[in-house]
Amino acid sequence: MTANSQTSTAPGEHATHTASPVPPVEKIGLLEKIGYGCGDLASNFIWQAMSIFIVYYYTDVIGVAAGVIGSIMLFSRVFDGVSDIAMGYVIDKTRSRHGKARPWLLWLAVPFALSAVLLFAVPDVSPFWQVVYIAVTYNVVCLVYTGLNVPYGTMNSLITQDQYQRSLLNIFRMSLALIGVLLVSNLTLPVATLLGGEQFGWVVTFMIFGSVGTALFIFTFKTTRERVKPASQSQRDSTVSLKESLLTLCKNRYWALATAFILMTYIFNALNSGAVVYYAEYILDDTWMVGIVTTAYIAFILVGMACVAPITKRFGKRNAIIVGELITIFGYLVMLIDLSNVTLLIAGTIIRGIGKAPINGSMFAILGDTIEYGEWKTGIRNEGMVYSGGSMGIKMGSGLGTALIGWILAFGGYVGGGGEQSAAALLSIQTLFIYLPLALCVLLIVLMLFYDLDKRYPNIIADLKART
């Protein structure tokens, strides 16, 4: 049966082969799960440290104007969107003895570390050439990161087709990513200061981080395997055109829902992390609360992640996400009792962290499941393109969230540099930290109500197996 004739099983999108048992799936060992998770730990040793401190480094260590840095990063968001789609297509065309996504971790592990070091090695030249150097090296880092991150995300769907195993892989990934965030947020400044605090200290710090990241990426490469192949023999022997691949995405409604969910979640994340410093300073009048709130939030996400696997196995990823969003909403409602009460803030933050766990533990796994739906519906399997959409959602969501902080603060009349803020400015800070994220939680629940792939997935897999 050809790929085109196979699509005839999908009209009206009714379940097919309901009586066909799903063949047993190879179990993923603990070492492979840890190895896969170490890929996101590797990314965070460089990318997260860079994301948190790069603007501070350029403005306070090198002395470049903040507005110029903002313009460079705005351009990079557009550049990233194009590079994500291009990388997704490259992955789908890749044929190597190591697979289609996994080899990119080996090929780009060292270049990623070197490009990150170059990012901090800004030469002592005129301001114009410093800006040119920063623009070039920052976009090179973004390009290499895309070349690693899109294949890394794609590997989830290539290691296994089993929904539960994918959830476990995603839980290991997100747990180790959060550990990476905690490590780099607490180590970067002390290590750079210990090494002198000037440019030399920062460059050596990122040499260390880069070496660790490279070793972790190679460990991920060594401990993982690609097992999943297209159901269609014709697609195994040939590649799909870019036009066909994009049209396939347009027909995959679950991919659109999952990508929109990731984009909105990363808007939420950017608001949550970017607005906390303003909330701590102007609502709580205590900047030390930034570290306390951030650590409590991440720590209880990690605690909650320990319970995600059995919950998703029993109730499905969609339902686990909805419950997580409801718990997050409850956390915000606790904070709304008294916006300046530190005890209620910490309690609400702990609740929000627990609620965030099933969301972090499931969102990339649901994106992976849309690959099989797209293959079942169209006869074309395009893992790289599917995950390029998820990567684009991360970057666009993060960029939009950061932009919203600036726009809403400006709309409220916020005045930088400390001091007294107007009632409108204080309301804008509360909006960024509580009201807008709360509204996003409601929208995310509505979005997930349309995602019913969990219950359809076993029959889809059975149908795909029958085609091979």
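Two residues are in contact when they have heavy atoms within 4.5 Å of each other. Keep that in mind for this tour of a predicted model, in which local features need pLDDT of at least 70, side-chain atom pairs count only at pLDDT 80 or more, and totals for chains, interfaces and linings use all residues. Residues are numbered from 1 along each chain as its sequence is written, and side-chain values use heavy atoms, with hydrogens and water left out.

**Stop 1: the two domains.** Select 29-228 for domain 1 and 240-467 for domain 2; such bounds come from an automatic or database domain assignment. Taken over C-alpha atoms, the centres of domain 1 and domain 2 are 21 Å apart.

**Stop 2: where the domains meet.** Here 36 residues of domain 1 are in contact with 40 residues of domain 2. The size of an interface is often given as the accessible area lost when the parts come together. Between domain 1 and domain 2 the buried area is about 3200 Å², and carbon and sulfur atoms give 62% of that. Buried area is the accessible area (1.4 Å probe) that two parts lose on being put together, summed over both.

**Stop 3: a salt bridge.** A salt bridge is a side-chain nitrogen of Lys or Arg within 4 Å of a carboxyl oxygen of Asp or Glu. The rule finds three salt bridges across the interface of domain 1 and domain 2. Now select Lys 100 and Glu 383, which form a salt bridge with their closest N and O atoms 2.8 Å apart.

**Stop 4: a buried threonine.** Select helix H7 (residues 199-223) and find Thr 214 in it. Helices (H or I, at least four residues) are DSSP runs, numbered from the N terminus. Is Thr 214 buried or exposed? Thr 214 is buried, because its relative accessible area is 12% and buried means under 20% (1.4 Å probe, protein chains only). Show Ala 109, Val 110 and Ala 113 as well: Thr 214 is in contact with these, leaving aside its neighbours within four places in sequence.

**Stop 5: an aspartate in a loop.** Go to the loop between helix H10 (253-282) and helix H11 (289-305), and select Asp 285. Asp 285 is not a glycine, yet has a positive phi of about 60°. The relative accessible area of Asp 285 is 68%, so this residue is exposed; the cut-off for exposed is over 50%.

Note on methods
Helix = DSSP H or I, 4+ residues; strand = E, 2+ residues; numbered from the N terminus.
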